[in-house]
Amino acid sequence: MLDARRSGLVSVASLTERVLLPRIQDAIDDHLDLLAMCEPDEETEFFILDFSDAFWQLPNKVSERKYFVCRINDDYFVFLRTAQGTKNAPLTWNRMAALISRLTQSLFWADEVRIRCYVDDPNVSMKGTSSQRDLFCAICISVWAALGFTLAFPKGERGSTVDWIGVRLQCTSEYVRVSLKASYLEELKGLLLELLKSNLVSLKTLRSVAGKPNRVATIVYTWRPFLSEFWGAISECIRPTKSTKAPQNFVWLKQILPAVDWMLSFLEGREGSLIRTYSLPTYMGLGNVVTITTDASPWGLGGILCINGQVAACFSSPIIDIDEKTFGHKIGDAAGQQTWEALSQLVALREWKSYWMELQIQLGVRSDSIGTLTLLRTLKATGSGPNLIAREIALEFGDASFRPSFYAHLPGIVNKAADYLSRIHQPGFKEACPPYLASLTPQIPPVRHPDWYRTSRRWQCSKEGSSLQPDLVSV
C-alpha cells in the first residue's frame, strides 16, 4: 500500500466519477429471478471466485509513475502497478471490473447467469442442470484467465451456501437467505457504546465506526437513513459549512447521537446471527395481500386490517395525557394532526405485526395523509414527534425481510372506516358505525408509556467521570 495522503498526492488528485457498487439485495433479487424461471430438472447455485491483488494487476501510465514513489531508508521504489491507497485506484479498477463483468455476462442468456461484482469479488448466480452449471463455471474461469487476470482459487466457492462480501448466502428452491455473524454484531455494538463515553468523537474514530454498519445496511434497508447521519457528520467535519465550535477533526456526539441510539436500540437483546429470508412467493407477489389503513383525529387513532380485501380486524385508541406529554400536543388541538396520523400507523404496525411479518405476504399501507406516507417510505420526518415515530417505524420494518409493496393515498372522504374509529373518542360524536365494521370489536392497543417507544430507552455512560450526561435520550 502507498500512503498517498501523507505525500499530498490525494489532495491534488480529483475524482470525476463515482463508483456504484452492487448491494446484497441486488444479488438476492437476481437469484430469485432465476429461481422463478427454474424448470423441474433445473436448480440454482452461487459461484464465487475473487480476482487476486486486483489493483496490482493494472499497470500505471508511464508518464504518471513519478507520482507513485516511496522511500525506505535510502532506497527509492517506483510503483509500476496501481497502488492501493491512491485516490483513483478504486475508480480505475472498478472500471476494469465493470468491463470484465459485462463482457462475461454477454456470453450467457439472462435466464441462465447473473453476475454482480463488488470491487474484486464476483458473485455469479447460475440456473440449469448440473452439467450446464459446470459449463457456466468453466466459461467464467476460462474467460478471466484468458484475459490475464490472476484468480484466487483457494478462496473460491460454489454451491447453495457461500460467503460473499462479509455475509453468508444460502439458497433453496423456495427462498434465498442471508445472514451476518453474531460476532460481527457484538463488535459493532461495542464500538457504538464506546462512542457514548465522550462528548467529542474524532474524525478517525468516526470513519472507522461508520464503515461497520454498512454491512448491516446491505441486509436491513432501514439502517440506511441513520447511516447517512454518520457520513453527513464526516462530510461536515471535512468541509464545514457552519461553525460547530468543535475542535479540528472532531465532531460533537450530539450530531450522531440519534443514529447511534437507534442502532443500539436495534441491536438490543439480539442474540445469534442476523438472518433475513426472502421467499420466492413473496418476491413473485403470490402471497396474501395484507393492507393496513389508518386515520387520526385530534382525539383518537383508528385503523383497519384487510386480508385479500376482506376486513379482518380494527383498532381504536384514544389520545390520552401520556401522548400529550410525549409529543407536546393537546388533546383536541388540530396542531398535532400530522403527529397523530403518523402515530396511528406505528400503532397499527405493532398491533398487527403477527400478520405482516409472515414471509409469504404482500404488505400495503394506506392513509389520507401524504406526510405519513412519505415518512413510511423515507423513514425520515421533521419535528421531534414525527421524527421519533419515524425511528420507531424503522425498527419495526427492520425486523422484516421486506418493505411495503405499495403505499396508497386515500382521499379523506373515502377513508370512512378508519376515520370513524379515530373519532369514537371525540366529545359529542354520534356518527353511525359503517356496516362492515358492525360485526367486529375494535382492539384496544396498550397505553403508550415512555418505554413503549423502543428508541427512547436510556443508554448509560460506562466511563467513570465522563462529562457526558448519563441519560442520553429521553422522551
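**Reading helices, burial and cysteines**

Student: The crossing of helix 9 and helix 10 is called left-handed. What makes it left-handed?

Tutor: A crossing gets that label if the near helix is turned anticlockwise from the far one by less than a right angle, and it would be right-handed if clockwise. Helix 9 and helix 10 cross in the left-handed sense. Bear in mind that this is a predicted model, where local features need pLDDT of at least 70 and side-chain atom pairs count only at pLDDT 80 or more, while totals for chains, interfaces and linings use all residues. Residues are numbered from 1 along each chain as its sequence is written, and side-chain values use heavy atoms, with hydrogens and water left out.

Student: Why are helix 9 and helix 10 called roughly antiparallel?

Tutor: Helix 9 (residues 224-238) and helix 10 (residues 253-267) pack at about 150°, their axes 9 Å apart. Axes are lines fitted to C-alpha atoms, for helices over the stretch in contact, and angles run from 0 to 180 degrees between N-to-C directions. Under 35 degrees is roughly parallel, over 145 roughly antiparallel, 65 to 115 roughly perpendicular, and the rest oblique. So helix 9 is roughly antiparallel to helix 10.

Student: Which residues of helix 9 and helix 10 meet?

Tutor: Contact here means heavy atoms within 4.5 Å. From helix 9 there are F226, L227, E229, F230 and A233, and they meet Q255, I256, P258, A259, V260, W262 and M263 of helix 10. That contact has 10 nonpolar, 1 polar and 1 charged residues. (Ala, Val, Leu, Ile, Met, Phe, Trp, Tyr, Cys and Pro count as nonpolar, Asp, Glu, Lys and Arg as charged, and the others, Gly among them, as polar.)

Student: What makes helix 13 and helix 15 oblique?

Tutor: Helix 13 (residues 337-351) and helix 15 (residues 370-378) pack at about 50°, with axes 8 Å apart. That angle therefore makes helix 13 and helix 15 oblique to each other. Their crossing is right-handed.

Student: How do you know that D323 is buried?

Tutor: Buried means under 20% relative accessible area, exposed over 50%, and partly exposed in between (1.4 Å probe, protein chains only). D323 has 1%, so D323 is buried. D323 lies in helix 12 (residues 321-327) and, leaving out residues up to four places away in sequence, touches P318, G328, W340, L343, R448 and Y453.

Student: Why is A312 called partly exposed?

Tutor: A312 has a relative accessible area of 35%, so A312 counts as partly exposed. A312 sits in strand 15 (residues 310-318). Not counting residues up to four places away in sequence, A312 touches L305, C306, I307 and L440.

Student: How do you know how many disulfides there are?

Tutor: A pair of cysteine sulfur atoms has to be within 2.5 Å to count as a disulfide. By this rule there are 0 disulfides. Take C38: the nearest cysteine sulfur, that of C171, is 9.2 Å away, and C38 is in no disulfide.

Student: Are C38 and C237 buried or partly exposed?

Tutor: C38 has 25% relative accessibility, so C38 is partly exposed. C237 has 16%, so C237 is buried.

Student: What share of the protein's residues is buried?

Tutor: Buried residues make up 46% of the 475 residues.

Terms used:
Helices (H or I, at least four residues) and strands (E, at least two) are DSSP runs, numbered from the N terminus.
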